[in-house]
Amino acid sequence: MNPAPPLSPAGASVRAVQDPFHGDLLEVSMGPHHPSTHGVFRMIATLDGERIVRLKPVFGYLHRNHEKLGENTSYLASMPYTDRLDYLNSMTNNWAYALAVEKLAGQAVPERAEYVRIILAELTRLLNHTCLAGFLLQDTGCSGTPLMYAFREREAILDLFEALSGSRMMCNFQRFGGCRLDPSPDWLAAAARLVERYGAFLDEYEELITVNEILLARTQGVGVLPAALAVNAGVTGPMLRASGVNHDLRRVDGYGLYPRFPFRIPLGAHGDTYDRYMVRMLEMRESLGILRAALRDLPGGPVFDPKAKLRGFRPKPGEAYGRIEGPKGEIGFYLVSDGGPNPYRYRVRPPSLINLTVLEDLCLGHTVADAVIILGSIDIVLGEVDR
Amino acid sequence: MNPAAPIPDPTPSPAAPVPGISDAERAELRRQGILLTSIEELYNWGRSNSVWPLQFGLACCAIEMIAASMARFDIARFGSEVFRPSPRQADLLIVSGTVTKKMAPQVVRLWNQMPEPKYCIAMGACAISGGPFKQGYNVLKGIDRFLPVDLYIPGCPPRPEALLHGLMELQAKIRAQPLTGPAAPPHLRPGADGGECVIPDFGPHDLQPPHDPARWQPPRLIRTE
């Protein structure tokens with residue numbers, strides 16, 4: 001056995017590693033406090049010169065016992081907790097959870113509520129992808145400007161969410177059997193105005209940065225994810241489609257009323273960081289089409305099934321898995337009921353965590369600066385990774 | 001904010017007034033274009049308007065903290081837009097989110113690495129008390145069990161305006177700090193040490209110690225018979 005490697009003056013975060021096959025390596029611990037890790041995530045990268053030869057992700061710094069709390073609270077009381085899973089996209093989390101409980105209880109949803117859900121989910125997709133574009137470009141070194149543009153648009157969407165639900169981020173909006181509130185005509189007009197001008201923002205943003213030569217050099221060919229590995233690892237969402245796999249739950253499952261809406265599914269050809277960025281930019285334009293159609297065809301009627309039971313809600317024993325295509329991938333909730341007021345088992349299928357499992361494969365052979373961009377393009381939110 | 005309220009004086013009346021001059025005389029001099037002030041007031045005015053926070057996000061509240069630094073809320077108006085990635089350059093630790101037991105040692109270590117004078121804001125319900133996740137087995141029930149918190153901002157998450165209001169309250173607190181005597185910040189008291197906070201260990205069952213007994217004690221029932 002070799003003696004323990006000496007600590008560098010920087011302490012335990014940087015140390016020399018003896019490896020008989022590779023010579024002298026350096027182990028660098030990035031995180032949990034690091035500006036580029038999008039939260040409290042830690043990567044232990046082993047470097048040979050500047051290249052990463054090993055990368056060990058360390059999770060759990062934001063483990064908030066979401067599933068255990070879900071088993072100890074009633075079905076309805078878990079709804080606010082789902083807001084805090086992926087705290088950028090509370091509306092889609094709400095929908096996935098509501099869908100699982102509705103499957104469990106055999107609860108129908110009125111047509112207008114389905115439309116409202118689609119409108120809110122697509123607005124959330126715009127919100128998430130816009131923020132991702134800002135953070136990703138921040139990681140590449142465009143300090144400030146793209147993120148400022150992205151957050152300007154995020155505020156516009158958050159204003160809509162706040163006007164509808166009363167909260168900017170934690171909307172807690174869906175219920176089992178519909179939505180909590182009916183959007184007013186003013187709100188729908190404001191949403192339509194936002195949708196009409198959002199295309200101009202996307203044009204502006206893409207003109208600003210998409211064909212920038214430095215961005216192309218930093219992202220093209222970096223972190224290539226082969227389609228076979230993506231499928232085997234269970235990667236979902238825009239990351240999977242950037243590798244060229246045509247899998248979108250809105251098309252595959254056809255949940256809600258999505259089969260009524262025509263939209264195209266953007267696919268990448270290379271599976272690199274640039275494709276992951278571009279797939280999201282193109283998805284936003286498709287979302288705008290869905291939003292236009294949904295706002296135009298929104299039917300009248302109630303948004304909540306009057307026969308649905310919220311208080312004293314006890315579904316029959318059984319199990320259900322509800323999943324939707326969230327902005328980050330397949331967000332699913334698996335519930336087992338034993339007939340009581342609480343779920344017997346409550347399990348979340350978090351897209352961020354499962355997409356993150358391929359991080360080492362993407363980063364091997366690249367530099368630390370590239371690892372930061374690759375992590376940014378995976379689009380993780382630690383609330384969902386650690387739950 | 002009440003629009004009719006008068007705009008606050010950028011240099012509010014100090015804790016210790018300039019000796020030998022009344023406030024009325026001082027106001028009259030200011031009208032004539034002469035600013036009379038004390039070193040204490042000037043020093044505190046300077047440092048209260050350049051509070052540099054640590055760029056440190058824990059959970060949901062961090063997104064609102066980022067939003068506060070963006071164009072719409074523009075924390076730069078209060079001199080705090082310089083989010084520093086290194087604790088050595090930061091004056092303010094905003095604990096923005098749930099502190100889990102695995103993360104608590106790191107948060108305390110970051111606080112210990114910050115130079116005096118330093119301030120701590122507990123942002124959001126989780127940092128104050130554990131918030132909605134209080135019953136979780138892995139959640140620290142309030143960062144004030146280990147750190148001296150200067151300001152609590154309630155909300156889940158607090159709006160960016162609430163963070164700005166908290167920052168203004170912190171600025172008022174800094175301006176009221178005397179530079180001499182026992183209430184002065186530790187870096188100005190000769191021989192005084194701000195003191196390092198106890199860094200807990202992430203043990204197999206709980207944090208060791210579960211709280212810093214010098215800073216926090218569990219509430220005790222007082223019976224009046």
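# Briefing on chains A and B

Helix 4 of chain A, residues 111-140, holds 30 residues and should span 44 Å at 1.5 Å a residue, which agrees with the 44 Å between its end C-alpha atoms. The model is predicted. Of the 30 residues of this helix, 27 are buried, so helix 4 of chain A is largely enclosed by the rest of the structure.

**Helix 4 of chain A**

- Gly141(A) follows helix 4 of chain A, and the phi of Gly141(A) is positive, near 110°.
- An α-helix has 3.6 residues a turn, so residues three or four places apart point the same way.

**Domains of chain A**

- Chain A is divided by the domain assignment into domain 1, covering 7-58, and domain 2, covering 66-386.
- Between the C-alpha centres of domain 1 and domain 2 of chain A the distance is 32 Å.
- Domain 1 of chain A brings 15 residues to the contact with domain 2 of chain A, which brings 17 residues.
- On the domain 1 side of this contact, strand 4 (42-48) and strand 5 (51-58) of chain A each supply at least two residues.
- Strand 5 of chain A gives the largest share of the domain 1 side that touches domain 2, with 5 residues.
- The side of domain 1 of chain A that touches domain 2 of chain A comprises 9 nonpolar, 4 polar and 2 charged residues.

**Overall make-up of chain B**

- Chain B contains 6 helices and 5 strands, which run α-α-α-β-α-β-α-β-α-β-β from the N terminus on.
- The C-alpha trace of chain B spans about 65 × 50 × 45 Å along its principal axes.
- Chain B has 225 residues, and 35% of them are buried.
- Of the contacts in chain B between residues at least 6 apart in sequence, 76% join residues at least 24 apart.

**The parallel sheet of chain B**

- In chain B, 3 strands in the order 1-2-3 form an open sheet with parallel pairing.
- Strand 1 (92-96) and strand 3 (151-153) of chain B are the edge strands, each pairing on one side only.
- From one strand to the next, the twist averages 20°.
- Strand 2 of chain B, residues 119-123, pairs with strand 3 of chain B in the parallel sense over 3 bridges.
- Ile121(B) has Leu151(B), in strand 3 of chain B, as its bridge partner.
- Helix 6 of chain B, residues 160-175, packs on the sheet and touches strand 2 and strand 3 of chain B; the direction of helix 6 makes about 165° with that of strand 3 of chain B.

**Contact between chain A and chain B**

- The contact draws on 28 residues of chain B and 26 residues of chain A.
- Helix 3 (60-68) and helix 4 (104-113) of chain B each supply at least two residues of the side of chain B that touches chain A.
- With 3 residues, helix 3 of chain B provides the largest share of that side.
- By class, the side of chain B that touches chain A consists of 17 nonpolar, 8 polar and 3 charged residues.

Technical notes: Residues numbered from 1 in each chain as written. Chains lettered and ligands numbered in written order. Predicted model: local features only at pLDDT ≥ 70, side-chain atom pairs only at ≥ 80, totals over all residues. Helix = DSSP H or I, 4+ residues; strand = E, 2+ residues; numbered from the N terminus. Buried ≥ 20, exposed ≤ 12 C-beta atoms within 10 Å, placed from the backbone. Contact = placed C-beta atoms within 7 Å. Nonpolar A, V, L, I, M, F, W, Y, C, P; charged D, E, K, R; others polar. Expected span 1.5 Å × (residues − 1). Domains from an automatic or database assignment. Pairing = 2+ DSSP bridges. Axes fitted to C-alpha atoms, helices over the stretch in contact; angles between N-to-C directions.
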